[in-house]
Every structure is written in structure tokens, then in C-alpha cells.
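Subject: Structure for your review

Dear colleague,

Please find the structure below, with the sequence alongside. My notes on what was found in it follow.

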Amino acid sequence: MLQNTSAIRITRLARERELDLIFLSSTQYFQPGVSLISLPYDRRNYSLKSLKPVELDYTESIPSDCNRTEGALVLVHGLLGFKRNWSSLSKAFSRDLKRPVYAVDVLNHGTSPHAEPMDYLHMAADILHFIEKLGLSKISLLGHSMGGKAAMTLALDQNLPSGLLENLIVVDISPVKGKVSRTTISYIEAMRRIEALNLTGPNVRKEADKLLVDVEKDPSTRAFLLSTLISPSSESESARFRVPLDILSKSIPDIGSFPYDPGEVTYTGRTLLLKGKYIMFRFVNDDNIAIFRRFFPNSRLEVLDTGHWELTISLNRPNDFKDVVVNFIKSSETMPDA
């Protein structure tokens, strides 16, 4: 049993993240390192809107007809990514679909706020707030890896406004409770070591790249990891990463988890699962494809000839990825309204 002296009252956490804890007793206690997901609540009365969101930063690609809202495509990056990963694809999607395209920075990434807790319920609440704040309608929601889990969490919210979500596209991730790969953890640990060295001078990126070789031999993946490294702007500063590595390290259990169990909730809307063929970490395998279909019965699977990171950072056959997504979204335009 938790002792009062070592526990943190939920109300204190509420002040830190401004949570609206409608479904939690004020007498419960929160153990450091344990997500709100693990605490009991009545899912029948639960809504993402019961969580106070953070304001996500974003980029936009608007079609020539100046439509900014209807049929929007919202892109959500994965762990250690940020909105600029989508730059080329955002423009191509908007051009080919003739729809507005928005790429967001999830919390603790890019130029969005730093906040705790960092779990999928909060990420989904942030995305839903972003969608409603901009007045987007009949959206297509695409999430890669961690962003895919956040997108699935949003789609599975039983209080999601009817007709808001038209298409769900999940890229190389499954709705399973597991552990973040040891390789990914090693990336974060190496990035923390780089920050601890307080690198300065004009060659910090080159020095940081040399340090990453110990955990990642592929230069394109190292370039991805270093894309959020901020070089010092003066002699009194040292290189640091844009992501708060301390928060990410503490959030690893939540990032590996998922807030729902198979059979507990379903989303029956149109869903596409995109899987990379060359995946050393097996983010999507035969077993969890079956689990995916329990959550998303109206889904189809496409396998692309690429790896996990390359699926969205467009290093390998980017047109294949774009064409599959565009064709899936366009196919919904020919379907009669329900």
C-alpha cells in the first residue's frame, strides 16, 4: 500500500497538467512513474474532453480553392519525430487530394509544449482539441508509430463526435500493450549522453553523430535522430535536443502501452493499416494484425517495400507510401453517405 509521505495526490498532478479529473476520486493517490491509464475509472462515462489539452504547434498545406477545414488530412509523427518530417509529403498530399493537410507536433516534440503525463489518452485529447479548435470536419487521421497509437486512441473514444473522423490510417504500429524496443531506448540514452557532454562550437552535429554510431550504424537513421538537435547560438550555450529527454525517459512505459484491451471498444469506420516489409523490430506481425482487426473490423492491410523509419521520412520509395494513402482517401469520396 502506498504511504501518504511517498505518494502524490491526484489533485497536485491536476494543477501541473490542469486535468479535469471528473472520473477520479479526490482521495486516490498517484504513484510517481505510474500513468493515469493504470488507475480505475468508468469507461462508459469517460471522454477525451475530460482531459485539459495542450496547444499543439502545426504546419499547414492549403489547396488552391482555399478550403481550410472540410476533408482535412491530419498527420501525426512518431517518437522523436516532429512536424517537419512530413514537409514534402504534406504538400504532395494536398496537391493530389485537393484537401487541406495539417502536420502537428505532439506534446514534448518539436515546438509543442512540454508536459506530463505523456500517455495516449493525453496525446489523443490534444489532437482532438486541435481538430475542433480549427473547425476541421470529415477528417482523415494518419499516425505513424507512436502517432499511430495516439490516432487509434482518438478513434476508439466512444464519445467522439459523429462524422468527425472519415478515415483512419495507422502506419506500422499495433494497438497492443508491450515494451518500447531496447534499440529505441538506447537512442534516448545516447541522446542524453550527448546533452551531458555540453558540446559547443561549430562541429557539434558532427561530434554528436560520432557518438550515435555506437547505437545506430545507419547514417539516415542517425540523421533523423539528430534532426532535433539545436546547435548552440553563443559560447555560453551547449547543444541540446528539442525534445525533453527526461520526460521521454520517464514516459517509456506509457509509450509502450495502450489504453484499451481487445474487445473492449471498437471503431467501425474505414481504417487502413500500413506495414513496412523490412522491420527488424516487428512493429506489426501476424498475431497483432488479428488484434488490430478486433479493434478495427472495417480495416484493410497494405504492405510496403520499406522499413519502419523510412515509411514517413521518405527515404525509400516515397511515392509508394503517398499513392496508397491518396488512393485510400479518394476511395471514400465515391462511397454513399451512411
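This is a predicted model: local features need pLDDT of at least 70, side-chain atom pairs count only at pLDDT 80 or more; totals for chains, interfaces and linings use all residues.

Residues are numbered from 1 along each chain as its sequence is written, and side-chain values use heavy atoms, with hydrogens and water left out.

Of the 338 residues, 54% count as buried (under 20% relative accessible area; exposed is over 50%, partly exposed in between, with a 1.4 Å probe and protein chains only). The secondary structure comes to 12 helices and 11 strands, taken as DSSP runs numbered from the N terminus (helices H or I, at least four residues; strands E, at least two). Among contacts with a separation of 6 or more, 79% join residues 24 or more positions apart; contact means heavy atoms within 4.5 Å.

The interior

The largest nonpolar core holds 72 residues; such a core is a set of buried Ala, Val, Leu, Ile, Met, Phe, Trp, Tyr and Cys residues joined through side-chain atoms within 4.5 Å. The members that touch the most others are Leu 80, Ile 131, Leu 141, Leu 154, Leu 168 and Phe 296. Helix α3 (residues 120-133) gives the largest share of this core, nine residues. A second, separate core has 20 residues, including Leu 73, Leu 97, Val 325 and Phe 328. The charged end of Arg 270 sits over the ring of Phe 328, 4.3 Å from its centre (the criterion is NZ of Lys or CZ of Arg within 6 Å of the ring centre and within 35 degrees of the ring normal).

Aromatic pairs

Nine aromatic pairs were found in the whole structure. Rings of Phe, Tyr and Trp (its six-membered ring) pair if their centres lie within 6.5 Å; planes under 30 degrees apart count as stacked, over 60 as edge-to-face and the rest as tilted. Tyr 58 and Phe 130 form an edge-to-face pair, 5.1 Å centre to centre with 65° between the planes. Tyr 58 lies in strand β3 (residues 58-61) and Phe 130 in helix α3, so this pair ties together parts 72 residues apart in sequence. Tyr 58 is partly exposed at 32% relative accessible area, whereas Phe 130 is buried at 3%.

Ring pairs also link Phe 258, Tyr 260, Tyr 267, Phe 292, Phe 295 and Phe 296 into a cluster. Tyr 267 lies in the loop between α9 (252-256) and β10 (270-278) and counts as buried, at 9% relative accessibility. Its C-alpha atom is separated by 6.2 Å from that of Ala 155, 112 residues apart along the chain.

Ser 94

Ser 94, in helix α2 (residues 87-97), counts as buried at 6% relative accessibility. A polar atom of its side chain lies 2.9 Å from the backbone oxygen of Arg 99. Beyond four places in sequence, Ser 94 is in contact with Ser 61, Ile 62, Pro 63, Arg 99 and Val 101.

Yours sincerely

How values were computed: A polar contact is a pair of N or O atoms within 3.5 Å; within protein, one must be able to donate a hydrogen and the other to accept it, and residues adjacent in sequence count only if both atoms are side-chain atoms.
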